[in-house]
Structure formats: structure tokens, C-alpha cells
Amino acid sequence: MAAAIVWAALRVTRRVTGAAVRLQVRGASGVPSGDEVSKAQQAAPEGAAPTIFSRIIDRSIPADILYEDQQCLVFRDVAPQAPVHLLVIPKKPIPRISQAEEQDKQLLGHLLLVAAKTAKAEGLGDGYRLVINDGKLGAQSVYHLHLHILGGRQLQWPPG
């Protein structure tokens, strides 16, 4: 009985694709939670108004910041897709990884090293995934370069 109530409260729908069954958890809005593809299709193009990440950097909106230095910030994702879901963002506004330039090499390496150190500090010694989405077809929903650190459970392959 309790399990039925939980499932009803989460508004779980099943979508059967061939032999595989895929569960989608729907939030109060009825839209699948964490639907990054829809967000990416509606995202403002690069160069638009300040992004949510630039507003986190300038502290005009709050975030659960775990690490900061002169080049980057690490904070918890507000819509986690895994038990541990962190974002590493450069303070320099690079809209997409495909728009990084030769002079960004040091910064890009720094972001990877910070991601590895943060993952270790968060107890992800058994493994984690780093993800960089690029552009609409890559499901990038915020046009400010960011690395996702995902872990805390067995991740599946292929990812998408």
C-alpha cells in the first residue's frame, strides 16, 4: 500500500520501447524531471543575457559552493541526476567547449584537475563520470561551459 502511494505521488509513467521498459518520474508540473533535452532546445543562444552560472559567479543567486579559486567554481547541481552531481565552471565565460581557444588550454586542464580533486573529496574513489554537453544536439542547456561530475551509483552505458 505504501509503495503504491509513493509511486502515485511521483506520477510514474511507463514507456515501453521494444522489449525495454523505461521509467520516467514526473514532477508536479507533469514534465519529466531533469529533461535536459527540452531545456537545451529552449536554451538562449550563446552571447545572450547573463547565464545562471555567471549570476552564481557574481553571487547574485545562491549556490552550494564546494570549491572556488581564481579560475573556477564547483557547486552542487540543483537538479541532480545522480546521488552526487556537481558542476565545475570556469569564471571566464566560454559559451561552449567547441568555442574554446588555444589560449584556454591551461584553464581547461585546470577544470579537469579540479573535477578530479573534488570527486575524490566527495568520496567518489570507486568512479564517476565527467560530462561536457556542447550545443543543442549535445543537450547543452546553459551556454557557459560546465563539467558535470556524476557519481555515487553505478552509471549505465551508453549514456544517451
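**Strand 5 and its surroundings**

Strand 5 and strand 7 (residues 147–151) pair in the antiparallel sense, with five bridges between them; pairing requires at least two bridges found by DSSP, and strands (E, at least two residues) and helices (H or I, at least four) are DSSP runs numbered from the N terminus. The model is a predicted one, in which local features need pLDDT of at least 70 and side-chain atom pairs count only at pLDDT 80 or more, while totals for chains, interfaces and linings use all residues. Residues are numbered from 1 along each chain as its sequence is written, and side-chain values use heavy atoms, with hydrogens and water left out.

Within this pairing, V84 has G151 of strand 7 as its bridge partner. Strand 5 itself (residues 84–90) is mostly covered, with seven of its seven residues buried; buried means under 20% relative accessible area, exposed over 50% and partly exposed in between, for a 1.4 Å probe and protein chains only. In a regular strand, side chains alternate between the two faces of the sheet. Both faces of strand 5 are covered: V84, L86, V88 and P90 are buried on one side, and H85, L87 and I89 on the other.

Turning to aromatic rings, the count comes to one pair, where rings of Phe, Tyr and Trp (its six-membered ring) pair if their centres lie within 6.5 Å, and planes under 30 degrees apart count as stacked, over 60 as edge-to-face and the rest as tilted. The ring centres of F53 and F75 are 5.7 Å apart and the planes stand at 65 degrees, so the pair is edge-to-face. This pair links distant parts of the chain, as F53 in helix 3 (residues 52–57) and F75 in strand 4 are 22 residues apart. F53 and F75 are both buried.

Helix 4 (residues 105–121) holds H110, which is buried at a relative accessible area of 16%. Neighbours within four places in sequence aside, H110 is in contact (heavy atoms within 4.5 Å) with D69, Q71 and C72.

L130 belongs to strand 6 (residues 128–131) and counts as partly exposed because its relative accessibility is 36%.
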